[in-house]
Amino acid sequence: MIKKTLFYILIFVVSFSVFLISTLPASLLWEKVLQQELKNSVAGLDVSSVRGTVWQGEALVRYKSLAMVVDWDVELSGLFAFTLPTSIEINGQAGSISLSVVLGLSQVALMVDKAEIELSHLTPLVKSKRVSLDGKLILKDILLLVEGQQIVSLSGVGSWTGGDIAYPAGRQLHERNLPVFKMLAETNDDGLVHVGVRDSDANFDVIDVSLDKTGEAMVKVARRLLDLADEEWPKNSKETDIVFKVKKVIY
């Protein structure tokens with residue numbers, strides 16, 4: 001009889017604890033735990049409204065000049081597989097992002113189903129650098145896998161609709177109109193992550209980014225990108241020639 005009573009008490013305590021956790025207001029977690037930490041680490045971040053629970057809710061977020069609504073939904077059923085799948089929707093002035101994050105015991109998966117961002121709304125963030133942005137950035141089916149703080153896989157596609165941009169060149173400010181660019185990210189069987197960017201009229205990558213399993217990253221830029229930006233370069237070279245290359249170990 002005593003064992004049965006203790007069993008029922010244990011079931012009640014566990015059920016009550018799960019109930020309290022599942023209905024914990026997100027605003028409480030934000031005010032007591034996250035607010036000061038994020039404000040100290042992310043300058044310009046302001047969260048003016050938090051609704052719902054820690055498992056399902058929404059927040060009105062402002063980062064400098066950008067305002068957005070962030071919705072999240074955590075699937076508690078993932079706990080049985082020792083994962084924490086979370087769906088996130090971001091909608092704001094600059095556009096929308098639909099993504100999900102799966103936290104596992106040793107691996108984190110970030111999936112961007114679709115993102116559409118109007119870059120002109122980001123110009124105020126880089127105005128101090130004398131940079132002006134334009135056009136729409138579109139990302140689709142981006143999958144990033146991270147294990148032990150290292151990138152093990154990246155895949156997906158993206159594009160930029162082109163437009164009028166400006167950037168500093170010494171003391172001058174260059175204003176240019178660039179065409180459409182497309183991006184392809186993939187990882188080969190040897191674990192080499194590759195991201196290639198090319199304009200719609202090119203059959204080769206004008207920007208080539210790679211990352212190997214040792215954490216060494218390399219960025220290469222072809223002369224064609226300078227041609228598209230109407231920047232001067234010796235004409236005795238080919239448009240496929242690499243005019244800029246940098247290598248760095250990032251982890």
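Hi everyone, and thanks for coming. A word on conventions before the structure itself. The model is predicted, so local features need pLDDT of at least 70 and side-chain atom pairs count only at pLDDT 80 or more, while totals for chains, interfaces and linings use all residues. Residues are numbered from 1 along each chain as its sequence is written, and side-chain values use heavy atoms, with hydrogens and water left out.

Let's start with the whole protein. Its secondary structure comes to four helices and 15 strands; helices (H or I, at least four residues) and strands (E, at least two) are DSSP runs, numbered from the N terminus. There are 251 residues, and 29% of them count as buried. Here buried means under 20% relative accessible area, exposed over 50%, and partly exposed in between, with a 1.4 Å probe and protein chains only. The protein exposes about 16,300 Å², and carbon and sulfur atoms supply 60% of that area. Those areas come from the Shrake-Rupley method with a 1.4 Å probe; for residues, only the protein chains shown count as cover. As for contacts (heavy atoms within 4.5 Å), take those with a separation of 6 or more: residues 24 or more positions apart account for 34% of them.

Which residues touch the most other members of the largest nonpolar core? They are V50, W72, I88 and F181, in a core of 42 residues. Strand β3, residues 66-74, gives the most to this core, with four residues. By nonpolar core I mean a set of buried Ala, Val, Leu, Ile, Met, Phe, Trp, Tyr and Cys residues joined through side-chain atoms within 4.5 Å.

Let me zoom in on one residue, S100. You'll find S100 in strand β5, residues 95-103. Is S100 buried or exposed? At a relative accessible area of 14%, S100 is buried. Setting aside neighbours within four places in sequence, S100 contacts T86, S87, A109, L110 and M111.

On to charges. A salt bridge here is a side-chain nitrogen of Lys or Arg within 4 Å of a carboxyl oxygen of Asp or Glu, and the count comes to nine. One of them joins E58 and R51, at 3.9 Å from N to O. E58 is partly exposed at 28%, whereas R51 is exposed at 54%.

Next is R224 with E239, at 3.0 Å from N to O. R224 lies in helix α4 and E239 in the loop between α4 and β15, so this pair ties together parts that are 15 residues apart in sequence. R224 is buried, with 14% relative accessibility, and E239 is partly exposed at 32%. There is also a network: salt bridges with shared partners join K114, E116, E118 and K136. Within it, the closest N and O atoms of K114 and E116 are 3.1 Å apart.

Finally, the backbone. Most residues other than glycine have a negative phi. Two residues to look at here are R130 and D230. R130 has a positive phi near 60° and sits in the loop between α3 (123-126) and β7 (136-147). D230, also not a glycine, has a positive phi of about 55°, in the loop between α4 (223-228) and β15 (242-249). R130 is partly exposed at 39%, while D230 is exposed at 58%.

That's my tour, and I'm happy to chat!
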